[in-house]
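Please examine the sequence and the model below.

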Amino acid sequence: MRIDRYTSDDAVLTELGERLKRARLARNVTQDALATEAGVGLRTIARIEDGESTSVVNLVRVLRVLGLLDALDALIPANTINPFTERAQTGRVRRRASAPGASRPGASGGRWVWGDETGERS
């Protein structure tokens with residue numbers, strides 16, 4: 001099954017569980033051995049393979065033992081913009097996102113004040 005943006009959360013978890021199970025079996029590793037080496041409980045391995053929710057740290061531990069941790073690098077690629085280049089271009093490094101269409105305080109010449117949620121001045 002292909003996972004894309006239209007795949008439900010439950011379907012994604014089920015598919016990931018199946019893929020991890022196939023990877024474990026391809027390496028001829030028992031659930032018990034995987035749990036021991038990953039430092040998680042046997043029930044955690046069963047839950048992951050059954051497509052149930054788990055913590056990210058448990059998933060990372062299992063991926064590491066199965067030799068699949070490198071695949072996470074492709075999941076969310078590193079920022080290709082060098083922070084030093086960004087600072088030189090803008091004078092600062094971005095630390096947070098803003099709402100779409102939101103203006104920064106002072107961008108229209110005035111300071112934002114309570115009650116001015118619309119951004120209009122009277």
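The largest cavity is lined by L20, L34, I45, I48, E49 and V62. A cavity here is defined on a 1 Å grid over the protein atoms alone, as a set of points where a 1.4 Å probe fits but cannot get out, and lining residues have an atom within 4 Å of a point. The structure is a predicted model, in which local features need pLDDT of at least 70 and side-chain atom pairs count only at pLDDT 80 or more, while totals for chains, interfaces and linings use all residues. Residues are numbered from 1 along each chain as its sequence is written, and side-chain values use heavy atoms, with hydrogens and water left out.

The volume of the largest cavity is about 30 Å³, a volume being the space filled by probe spheres set on grid points that are joined across faces, edges and corners. By class, the lining comprises five nonpolar residues, no polar residue and one charged residue; Ala, Val, Leu, Ile, Met, Phe, Trp, Tyr, Cys and Pro count as nonpolar, Asp, Glu, Lys and Arg as charged, and the others, Gly among them, as polar.

The chain has six helices and zero strands, where helices (H or I, at least four residues) and strands (E, at least two) are DSSP runs numbered from the N terminus. Read from the N terminus on, the elements follow the order α-α-α-α-α-α. Of the 122 residues in the chain, 19% are buried; buried means under 20% relative accessible area, exposed over 50%, and partly exposed in between (1.4 Å probe, protein chains only).

The largest pocket has a volume of about 510 Å³, a pocket being an open set of grid points with protein on both sides within 12 Å along at least five of seven lines. It is lined by 14 residues, of which L16, L59, L63, L72 and L75 are the closest to its centre. Helix 1, helix 4 (56-65) and helix 5 (71-75) each supply at least two residues of this lining, and the largest share, five residues, comes from helix 1. The lining of the largest pocket divides into 13 nonpolar residues, no polar residue and one charged residue.

Together with M1, I3 and L13, L16 makes a nonpolar surface patch of about 320 Å². Patches are made of residues with over 30% relative accessible area and no salt bridge, with like charges joined within 9 Å and nonpolar side chains (Val, Leu, Ile, Met, Phe, Trp, Tyr) within 5 Å. The accessible areas come from the Shrake-Rupley method with a 1.4 Å probe, and for residues only the protein chains shown count as cover.

In one of them, the side chains of R24 and E49 meet at 2.5 Å, N to O. R24 lies in helix 1 and E49 in helix 3 (residues 42-49), so this pair ties together parts that are 25 residues apart in sequence. R24 counts as buried because its relative accessibility is 6%, and E49 is likewise buried, with a relative accessible area of 7%. E49 also belongs to the lining of the largest cavity.

E52 takes part in two of the pairs described here: a salt bridge with R43 at 3.7 Å, N to O, and a salt bridge with R47, where the closest N and O atoms are 2.9 Å apart. R43 is partly exposed at 48% relative accessible area, while R47 is partly exposed at 30%. E52 is also partly exposed, with a relative accessible area of 30%. Elsewhere, salt bridges that share partners join E15, R19 and R22 into one network.

Two local features complete the account. N28 is found in the loop between helix 1 and helix 2 (31-38), and its phi is near 55°, a positive value in a residue other than glycine. N28 is exposed, with a relative accessible area of 70%. R61 counts as partly exposed, its relative accessibility being 36%.

How values were computed:
A salt bridge is a side-chain nitrogen of Lys or Arg within 4 Å of a carboxyl oxygen of Asp or Glu.
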